[in-house]
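Thanks, everyone. Please take a look at the model on the screen, and I'll walk you through a few parts.

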Amino acid sequence: MLTLGGIAFDDAAALLRRYGLALQRVADGDPIPGSYWGDSEAGIIGTTVYARGDTPVHSLLHEACHLIVLPPERRACVHTDATDSVAEEDAVCVLQALLGDALPGVGRDRVLADMDAWGYTFRLGSARAYVERDADAAWAWLRAHGLVDDQRRLVPPAA
């Protein structure tokens, strides 16, 4: 499992900044604020994503994506659990893979493999199969919200 300690922190922080988010490093061994799953899993509070060196990159991206898909006025209210919307959750699963391609040293393939290793479950048996063959509604949701284009490419955030 690729962790934040295995990539450049500054690259991850810069990616999140493009979306109006902050990445806050948590000291090794300290509890991660706003972590839904606990242990080494990333946390979210407001517009900040919290992670330690042992936080899986896919977890950091997943939680960041929960904030990215929300309008700015809803982000401020988030603490630990961003949504109970199945449509948003599905969109987040696709978006985190796309952001893997935008993060040096990571890539979509690694994110999808680590999602499987972590224990995500999908009808077709893998995160890759979901994204490529079973996520039409999630792709449509992302497109409707201006996060991907008609060719399913990530649309960079407005400057």
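Contact here means heavy atoms within 4.5 Å. Keep in mind that this is a predicted model.

Let's start with helix α6, residues 127-134. Which of its residues are buried? They are Ala 127, Ala 129, Tyr 130 and Val 131. These buried residues pack against three helices by name: α4 (86-101), α5 (108-118) and α7 (136-144).

Now the sheet. It is open, with three strands in the order β1-β3-β2. The pairing is mixed. At the edges stand β1 (22-25) and β2 (43-45). Each has a single partner strand, so one side of each has no neighbour in the sheet. On average, neighbouring strands are turned by 30° against each other, direction ignored.

A quick reminder on pairing. Strands of a sheet pair through backbone hydrogen bonds, either parallel or antiparallel. Here, β2 and β3 pair in the antiparallel sense, over three bridges. Ile 45 stands opposite Thr 48 in β3.

Helices next. α2 packs on the sheet and touches β1, β2 and β3. Its direction makes about 165° with that of β3. Helix α1, residues 9-18, lies across β1 and β3. α1 runs at about 150° to β1.

On to one residue, Thr 55. Where does it sit? Thr 55 is in the loop between β3 (48-51) and α2 (57-68). Buried or exposed? Thr 55 counts as buried, because its relative accessibility is 0%. A polar atom of the Thr 55 side chain lies 2.7 Å from the backbone oxygen of Ser 40. Leaving aside residues up to four places away in sequence, Thr 55 touches Leu 2, Thr 3, Leu 4, Ile 32, Ser 40, Glu 41, Ala 42 and Leu 60.

Last topic, the cysteines. A disulfide is a covalent bond between the sulfur atoms of two cysteines. The cut-off used here is sulfur atoms within 2.5 Å. How many disulfides does that rule give? The count is zero. Cys 65 is buried, with a relative accessible area of 0%. Cys 93 is buried at 5% relative accessible area.

That's my tour. Over to you for discussion.

Terms used. Residues numbered from 1 in each chain as written. Predicted model: local features only at pLDDT ≥ 70, side-chain atom pairs only at ≥ 80, totals over all residues. Heavy atoms only, no water. Helix = DSSP H or I, 4+ residues; strand = E, 2+ residues; numbered from the N terminus. Buried < 20%, exposed > 50% of the residue type's maximum accessible area, 1.4 Å probe, protein only. Polar contact = N/O pair within 3.5 Å; in protein donor to acceptor, adjacent residues only side chain to side chain. Pairing = 2+ DSSP bridges. Axes fitted to C-alpha atoms, helices over the stretch in contact; angles between N-to-C directions.
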